[in-house]
Amino acid sequence: MRKLKDIKPLELKDDVLYVINQLKLPHELVWEKLETLADYEKAIKDMIVRGAPLIGIVGAYGFYTGIKEGIDYIQVYERLKQTRPTAVNLFWALDRMKSIYEKYGNDLNLLLKEAKRIEVEDYHANRSIGGYGEVLIPKKANILTHCNTGALATAGWGTALGIIRSAYENDKDITVYVDETRPYLQGSRLTAWELLQEGIPHYIITDSSAGFLMKKGMIDVIVVGADRITLNGDVANKIGTYSLSILAKHHNIPFYVAAPSSSFDFNLESGDEIPIEERNEDEVKNCHCCKVAPQESKAINYSFDITPAENITAIITEKGIIEKPNKEKILKFFGRKLS
Ligand SMILES: CSC[C@@H](O)[C@@H](O)C(=O)COP(=O)(O)O
């Protein structure tokens, strides 16, 4: 069994949260101190922290911080809810914090405990997803992944990248093909950085190379994460995931989605109902400080897309695997009734 590093994107010290500034990676490892509710709002909005599970965890600590500042709890809840619209984990975590407040009042100890619990549960969920998922990875495999779903996007280890970590930990002979993931470059900046830390063999590829690599037989399996999964098994994830799922279907390559239960939205029937974040067009026209397009051109910058359930081979959760997901299977899996 190989020994892997434990990368943590956040650390609580003397009641104050420190997070890795993901805008500065891979060139600089800078820790930011989040001291006020406004710091938390900015960190999530500006993507200093990102990744569905991580923004849920940071949101929970943000709720605690807002209450500590003496701000009305509904205001704290609403302000944090407005930071990013697509990943349901943020709303799920804020609902947990709000219900603790409504039950016990502003008991800061209890609120901090709940935020820590959300963090620890996520780490364990990832290890479990890794355990279930790595069984699906052949002994020798070329794996394609999109965006960053690793330690940096979660409380540690990761979801889709957690499966890759677990496969490598279990001595599998794997090579990872990392979509660079335009425009924010979560793949080339963050996933490649994590794989380097672990010594996992990998190649960064341009997003548009994925189809050609599949055609050439260079990809055995695709694993991606999720920002929200609806009752019928549709998945919102980083823009480009939908195209990958079509390519996977065409080339008959297994397409797996890895996500904790906190990514499921039982209130929505299908992916059509998921609010899709549109970010500033400048992110497309400028790559960090470098202008890569005429500034007078308009650009479209949807941050996520929807992959229909029919394109998904299986969803891997911390509770087990849902093969060929649909509403009936998802309700049965979570022990919920049809409404
Ligand atoms: C475990 S992270 C799963 C998803 O959140 C991830 O694939 C993704 O789309 C992240 O988007 P981001 O815009 O970087 O927050």
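Biologist: Which residues are closest to the ligand?

Modeller: This is a predicted model, in which local features need pLDDT of at least 70, side-chain atom pairs count only at pLDDT 80 or more, and totals for chains, interfaces and linings use all residues. Residues are numbered from 1 along each chain as its sequence is written. The ligand is surrounded by 17 residues (C-beta atom, placed from the backbone, within 6 Å); the closest are Arg50, Ala52, Ala153, Gly225 and Lys238.

Biologist: Which domains does the ligand lie between?

Modeller: Domain bounds come from an automatic or database domain assignment. Both domains give residues to the shell, so the ligand lies between domain 1 (10-125) and domain 2 (135-333).

Biologist: Which residue does UniProt list for "active site", and is this residue buried or exposed?

Modeller: The unreviewed UniProt entry lists Asp227, although such annotations may be inferred rather than shown by experiment. A residue is buried if 20 or more other C-beta atoms, placed from the backbone, lie within 10 Å of its own, and exposed if 12 or fewer do. Asp227 has 29 C-beta neighbours inside 10 Å and therefore counts as buried.
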